[in-house]
Amino acid sequence: MEKIKIPTATAKRLPLYYRYLIILNEAGKEKVSSTELSEAVQVDSASIRRDFSYFGALGKRGYGYDVKSLLSFFKKILNQDTLTNVALVGVGNLGHALLNYNFKRSNNIRISCAFDIDAKITGRILSGVPVYDMSELKKQLSDQQISIAILTVPSAAAQKTADDMVEAGIKGIMNFTPIRLSAPSGIRIQNVDLATELQTLIYFLDSDKKK
């Protein structure tokens with residue numbers, strides 16, 4: 001399939017559309033309109049039509065979108081047939097929660113290895129995932145050819161650990177630390193700051209009260 005360049009905001013919404021299309025297909029629904037999608041995924045219908053337009057004519061005016069066809073299309077776009085192994089670096093409280101979760105609702109993503117410095121958990125299998133000592137990080141990432149990692153180490157160790165991961169071949173990092181990491185060009189970093197997200201939510205709730 002030809003590589004299509006789309007905006008980051010659109011790319012972030014594609015899994016949301018895909019998950020809802022799975023629900024529609026399982027319910028036996030054959031077609032869906034952008035208005036119905038909008039109400040379900042809380043994205044305005046104009047944005048949905050614009051998102052879909054990047055991929056050509058996916059629907060018909062007056063008919064909407066064929067659920068099975070759209071589901072099949074996004075399955076290919078999102079590589080749902082390909083299993084992606086992900087490393088978890090840092091098995092503290094958040095790391096443990098992520099291990100337990102391990103993308104159970106996803107067919108194509110799994111945490112296949114984890115790393116920590118705590119001798120009580122290294123060398124063990126937790127939630128079906130082997131936990132290695134941090135000294136084995138570079139070797140294991142390279143040997144297992146893993147290109148994506150989730151980073152949940154303490155802030156003081158974040159940049160050094162990220163450097164080691166990049167050196168081992170990591171191309172994408174989901175960063176749960178509050179540190180804004182430096183990385184060579186070509187390395188994708190997705191920052192997940194729960195405190196900032198909560199503060200934003202609180203701000204909007206307070207603003208709603210003042211209306």
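Contact here means that heavy atoms lie within 4.5 Å of each other.

**View 1. Overview of the predicted model.** In this predicted model, the protein contains eight helices and nine strands, and its C-alpha trace spans about 60 × 50 × 35 Å along the principal axes. Of its 211 residues, 36% count as buried, and the protein exposes about 13,200 Å², of which carbon and sulfur atoms supply 52%. Among the contacts with a separation of 6 or more, 56% are made by residues 24 or more positions apart. The side chains include 28 positive and 21 negative ones, with the centres of the two sets lying 4 Å apart.

View 2. D51 is placed in helix α3, which covers residues 45–53, and, when residues up to four places away in sequence are not counted, D51 touches T10, R13 and Y17. The side chain of D51 makes a polar contact with the side chain of R13 at 2.7 Å, and a further polar contact joins the side chain of D51 to that of Y17 at 2.5 Å. D51 is classed as buried because its relative accessible area is 0%, where buried means under 20%.

View 3. T10 is found in helix α1, which covers residues 8–26, and, leaving aside neighbours within four places in sequence, T10 is in contact with D51 and Y54. The relative accessibility of T10 is 2%, and therefore T10 counts as buried.

Note on methods. Residues numbered from 1 in each chain as written. Predicted model: local features only at pLDDT ≥ 70, side-chain atom pairs only at ≥ 80, totals over all residues. Heavy atoms only, no water. Helix = DSSP H or I, 4+ residues; strand = E, 2+ residues; numbered from the N terminus. Buried < 20%, exposed > 50% of the residue type's maximum accessible area, 1.4 Å probe, protein only. Areas by Shrake-Rupley, 256 points an atom, 1.4 Å probe, with all protein chains shown as cover. Lys, Arg positive; Asp, Glu negative; His and termini not counted. Charge placed at Lys NZ, Arg CZ, Asp CG, Glu CD. Polar contact = N/O pair within 3.5 Å; in protein donor to acceptor, adjacent residues only side chain to side chain.
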